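Dear colleague,

My findings follow it, and I would ask you to read them with the model open.

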Amino acid sequence: MKEYTDEELAELLDQDIFRTISATADELGLECYVVGGYVRDIFLERPSDDIDCVVVSPDKSIKSPGIEVAKLLKKKLGRRAYLSVFKNFGTAQVKMNDLEVEFVGARRESYQRDSRKPIVEDGTLEDDQNRRDFTINAMAICLNHDRFGELVDPFGGLDDLWDGIIRTPLDPDITFSDDPLRMLRCIRFATRLNFYIDDETFDALERNAGRIKIISAERINEELNKTLMTKTPSRGFVDLQRCGLLRLILPEVADLDIVEERNGKAHKNNFYHTLEVLDNVAKCTESTLLPVYSSLYLRWAALLHDIGKTRSKRWDNLQGWTFHSHDHIGGRMVPKIFNRMKLPQDQKMKYVQLLVDMHMRPIAIADNEVTDSAVRRLVNDAGDYIDDLMILCEADITSKNQVRKQRFRDNYTLVREKIEDLKQRDFKRLLQPCIDGNEIMQMFNLKPSREVGELKQYLKDAVLDNRVENEREPLMVLLKGKAQEMGLLPA
């Protein structure tokens, strides 16, 4: 964080693009300001290539002043720039190399109770700053020649940047009720910037949480994904839970936030355990261990990996609290959640489902003797996702017992070594029996059936357990013996 005088801001903005915008606005007799995230990131010393500009027509003589500035700017920049105009929204965008500059006329907004789509009117710079979501996003820097570099900060956004505070410019109840998506943006910004949400603003989150129901699943997902992709996503999900939004968006995760005790035995809080695993995955995916479907969907797998525990929880007088088969129950829940939330229904969903369904397998192996047979089965079932599964499972080691924790880590190292050994020996070729289902059907005059599946699995198990080489002759002996046992061949 660094503070600048207006003169220093003018020096920072002394670039061809801003000087050209300045000359363009002056030529049209319009006021022009760079606003929002670009201004915020100047003070946070963060790079940004997306520039938002607000254009004001002082005498209201020019309609859609943002579009007019963009058109003339395109002419000045020539062929190296590309112009896109969105008349219905009164906005225009100019792209040049890696820069994107968006222009919009200053506007005043009002909302109806059942919609986040505003009624828009032409307005002043003050009107435009009033409609901004947070004080740190409401700062503006003038680009006109006479005031070039002048900061306009009516709500103390600069002070809030220094203090690390997220706060709305106006009444937060009105801000969040008008556009409930701002509640998720509030939490996302606090998480990404490692800021705290102002008490009055947070209270308004709690009061207005129910308004999130008017927001589409797609827009909710966009904000959740951005929160998941922060350095420490747990911060955001704690705030989502505290204000009541998580229960409305992802009740399966919110329901994990409970601890029950019986006969002096209590289970851990699986919500906070989940967030610890999520942070561990986030830390790991910042390294060179890149998952198959980007770190986003591995983080989704971490967030959902224990959702089956609520439904599987049972009390046993001898063992205490148990969560048997929570992995498989959670795996079956994933498609329904992805469908409800309008998340991808393609291989990305199947990827998350498989990781949730299998996340106990490496733990079970690491907790016992690490045998070749168990690792072969794991590699075969996880396929191309084996490395990602191992990342998730190692992130799932959150035991407070340091001896147990180290034993898991040591055994995981052994599991990884065996996995690498199998990879080097081309495990796909080795683990698929050389006698397939079509040949089995021809040999025994069968149609696709349970018997065919049983014979295939019998041969596959024999190879996985290393009871026989994956060669035709020994497999054929086993196959005929099993078929005779099943009554498919005469004794």
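Of the 491 residues in the protein, 50% are buried. Please bear in mind that this is a predicted model.

As regards secondary structure, the protein contains 26 helices and 15 strands. Its radius of gyration is 30 Å, whereas the globule rule gives 23 Å for 491 residues; the value is well over that figure, so the protein is more spread out than a compact globule. Along the principal axes, the C-alpha atoms fill a box of roughly 100 × 60 × 40 Å.

The contacts within the chain may also interest you. Taking those between residues at least 6 apart in sequence, 67% join residues that are at least 24 apart.

Helix H9 covers residues 199-208 and helix H11 covers residues 234-243. Their axes lie 8 Å apart, and the two helices pack at an angle of about 60 degrees. On the H9 side, the contact is made by Phe 202, Leu 205 and Glu 206; on the H11 side, Asp 239, Arg 242 and Cys 243 take part. Sorted by class, this contact has three nonpolar and three charged residues, with no polar ones.

Yours sincerely

Definitions and conventions
Residues numbered from 1 in each chain as written. Predicted model: local features only at pLDDT ≥ 70, side-chain atom pairs only at ≥ 80, totals over all residues. Heavy atoms only, no water. Axes fitted to C-alpha atoms, helices over the stretch in contact; angles between N-to-C directions. Helix = DSSP H or I, 4+ residues; strand = E, 2+ residues; numbered from the N terminus. Contact = heavy atoms within 4.5 Å. Nonpolar A, V, L, I, M, F, W, Y, C, P; charged D, E, K, R; others polar. Rg over C-alpha atoms; globule rule 2.2 N^0.38 Å. Buried < 20%, exposed > 50% of the residue type's maximum accessible area, 1.4 Å probe, protein only.
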